[in-house]
Amino acid sequence: MIHPIPPGTRDVLPDEMRELRRLHRTMIDVFESRGFGEVATPAIEYDEVLARGDGRTADSAYRFFGERGDLLALRSDMTVPIARLVASRYAKVEPPLRLCYLANAFRAVRPQRGQMREFAQAGVELIGAPAPGGTAEVVEVLEATLDAVGLDRAVIGLGDADLYRQLLAEFGIEEGARDAVLSRLAAHDLVGLEEELSRLEIGDEQVATCVALSQLRGGGEVLDEARSLGGAAVERATARIGETIAALEARGVSDRVQIDLGLLRDLGYYSGAILEVYDPALGHVLGGGGRYDELLRRFGVDLPAAGFALYLERVHVAQMEESREGEVR
């Protein structure tokens, strides 16, 4: 008799588990070699803590009542719990703090879209190092991690989380309507993006600007193309990205970074530089991250911060596909 498990979850058998354990060790070794100390937080947090960290994604959390009637939730990522940890345990420690983790997270999603309800993440959080230097350090660790697990063809997309929020505000779009546009961008849904923009009371030229920006990706020439579209929001975002690229070049880690002005993460706490990792062997996003300079302030500690997380299962699949393609070549 076959006993089913919930959609969006999976069993892991011994052979795959051994491979995943090797992958775990490799990634943590890279993090620790760069000065990041491993931490762990409870899978269960108070719902209020997760909502304070990211109200946009709080609705995707699995909630339940504890035995004392407290509203609890399973964590949906590790950045918010680590922000809570830093505010509670490291408030008087001189920054920067370098923390890393390997943990499961949980989200109430639609499994039919290929998303997982339970998934493992490995990542780092650099607390107290401002942009652009802190961003460049995080990208350097990310590149070293991808190299260590054999994904030397993976590309790191670099965008700006504030670009479209500020651009739509510049166009006079109210916050509720802005959120619908931002959700289309986060889902990489360009058709839906045009549909949402067409519903807004803005001119054709402004719609064309948003669409054109969302399709700009490549090298430094992308910033010049974006500036030619005009606007204060575009100018600020391209300046921030330009500073990040300069910091990456100074560290010698800019080669696999591609500017992507259509990039937007689906977590609401990002500000400034954002990252997303793609691998041509898989065709899926392997992970992402970016700056969240205002998140710690919500927990009473005003520190800039940046980090990234990689999805372990997707990295493992990409490893196997890279190996298969290498044998064919």
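This is a predicted model: local features need pLDDT of at least 70, side-chain atom pairs count only at pLDDT 80 or more; totals for chains, interfaces and linings use all residues.
Nine strands form an open sheet, and their order is β1-β5-β6-β12-β11-β10-β7-β9-β8. The pairing in this sheet is mixed. Which strands stand at the edges? They are β1, residues 37–38, and β8, residues 217–218. Each has a single partner strand, so one side of each is left without a neighbour in the sheet.

Now look at one pair inside that order. Strand β6, residues 118–127, and strand β12, residues 305–311, pair in the antiparallel sense over seven bridges.

β3 and β4, the latter covering residues 71–74, are joined in the antiparallel sense over three bridges. Arg63 stands opposite Ala73 of β4.

Next, the helices. α4 lies across β5, β6, β7, β9, β10, β11 and β12, and runs at about 20 degrees to β12. Helix α4, residues 133–148, also packs with helix α1, residues 14–33. The angle of that packing is about 145 degrees, and the axes are 9 Å apart. Which residues make the contact? From α1 they are Thr26, Met27, Val30 and Phe31, and from α4 they are Val141, Ala144, Thr145 and Ala148. By class, that contact of α1 with α4 has six nonpolar residues, two polar ones and no charged ones. The crossing of α1 past α4 is right-handed.

Last, one residue. Glu276 lies in strand β10, residues 273–278. Is Glu276 buried or exposed? Its relative accessible area is 4%, and the cut-off for buried is under 20%, so Glu276 counts as buried.

What does the Glu276 side chain make polar contacts with? One partner is the side chain of Arg265, at 2.8 Å. Another is the side chain of Tyr278, at 3.2 Å. Leaving aside neighbours within four places in sequence, Glu276 is in contact with residues including Val155, Ile156, His188, Leu263 and Val285. Arg265 is also among those contacts.

That is the end of the talk.

Conventions. Residues are numbered from 1 along each chain as its sequence is written. Side-chain values use heavy atoms; hydrogens and water are left out. Axes are lines fitted to C-alpha atoms, for helices over the stretch in contact, and angles run from 0 to 180 degrees between N-to-C directions. Helices (H or I, at least four residues) and strands (E, at least two) are DSSP runs, numbered from the N terminus. A crossing is left-handed if the near helix is turned anticlockwise from the far one by less than a right angle, and right-handed if clockwise. Contact means heavy atoms within 4.5 Å. Ala, Val, Leu, Ile, Met, Phe, Trp, Tyr, Cys and Pro count as nonpolar, Asp, Glu, Lys and Arg as charged, and the others, Gly among them, as polar. Buried means under 20% relative accessible area, exposed over 50%, partly exposed in between (1.4 Å probe, protein chains only). A polar contact is a pair of N or O atoms within 3.5 Å; within protein, one must be able to donate a hydrogen and the other to accept it, and residues adjacent in sequence count only if both atoms are side-chain atoms. Two strands pair if DSSP finds at least two bridges between them.
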